[in-house]
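Please keep the sequence and the model in view while reading.

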Amino acid sequence: MNIFKKLFISVVILSTIMVNTTTASAYTGYVGADEDVPNAVRQAEVAKYYLDRSGYNTTLYAGSSFTKASIKNVVPSVRVFYVSCHGGGGGYYFCTKNENVYAREIYEWTRGFYKFVFIDACQSADSKRLYNAFNMVDGDGLNNAFLGWKGLAYSSGAYFTFSNTVFERLTAGATVNDAVWTARSRTGITNYQIYGNYKTTLYN
């Protein structure tokens, strides 16, 4: 391969990275964590790190700042949403430090389009209630996706690695489906559920 061809390929790769980052940088993200859940804050910090690298302006809410009010105030304007916390009710709600946040409430607060939502909480994908709460609907043809758990999720090293891997691969440009499959191969965890467009990336 001659030097001119190598230079051309390098310019194309660099241009693609710059376009991806610029596209995402127009948007913001919400990352929340219940500090009473082991590994939750650490996991949220990792999520914020990767989302920021992807060009999203992400704010971390943890401890006393992780409240229902913070979600209500911020969720209308964000593009990506991640929380690491308790959940229950068959996908009806997840929990901040002291409050339950119900799918019907989120639906009332959301506005517009959400690219990627990951509710890292037990039972968050037992139904499509939280998925639908973020204005996501099956078959709408949009590039967006929801990730959650069927049944229980645990505060273990394997689940920590799973979530880390998802964000690592998404930042590298992988689709949600490919990111999750890599996480599965690294951890053996299978009780995840993707709703929406499996081919969604953080950039498309």
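## Packing of two helices

In what follows, axes are lines fitted to C-alpha atoms, for helices over the stretch in contact, and angles run from 0 to 180 degrees between N-to-C directions. Helices (H or I, at least four residues) and strands (E, at least two) are DSSP runs, numbered from the N terminus. The model is a predicted one, in which local features need pLDDT of at least 70 and side-chain atom pairs count only at pLDDT 80 or more, while totals for chains, interfaces and linings use all residues. Residues are numbered from 1 along each chain as its sequence is written, and side-chain values use heavy atoms, with hydrogens and water left out.

Helix α6 (residues 157–171) packs against helix α7 (residues 176–187) at an angle of about 145°, and their axes are 8 Å apart. Contact here means heavy atoms within 4.5 Å, and on the α6 side the residues involved include F162, V166 and L170, while those on the α7 side include V176, V180 and A183. Sorted by class, this contact has eight nonpolar, four polar and four charged residues, where Ala, Val, Leu, Ile, Met, Phe, Trp, Tyr, Cys and Pro count as nonpolar, Asp, Glu, Lys and Arg as charged, and the others, Gly among them, as polar.

## Cysteines

The structure holds zero disulfides, a disulfide being a pair of cysteine sulfur atoms within 2.5 Å. For C95, the nearest cysteine sulfur is that of C85, 6.4 Å away. The sulfur of C122 also has its closest cysteine sulfur in C85, at 9.3 Å, which is too far for a bond.

Buried means under 20% relative accessible area, exposed over 50%, and partly exposed in between (1.4 Å probe, protein chains only). By this scale C95 is buried, with a relative accessible area of 14%, and C122 is buried as well, at 16%.

## Loop residues with positive phi

N39, in the loop between β1 (28–33) and α2 (40–53), has a phi near 75°, a positive value in a residue other than glycine. N39 counts as partly exposed, at 27% relative accessibility.

Q123 lies in the loop between β7 (116–120) and α5 (129–133), and its phi, near 65°, is likewise positive in a residue other than glycine. Q123 is partly exposed, with a relative accessible area of 22%.

## The chain as a whole

The protein chain has seven helices and nine strands, and of its 204 residues 48% count as buried. Among contacts with a separation of 6 or more, 74% come from residues 24 or more positions apart.
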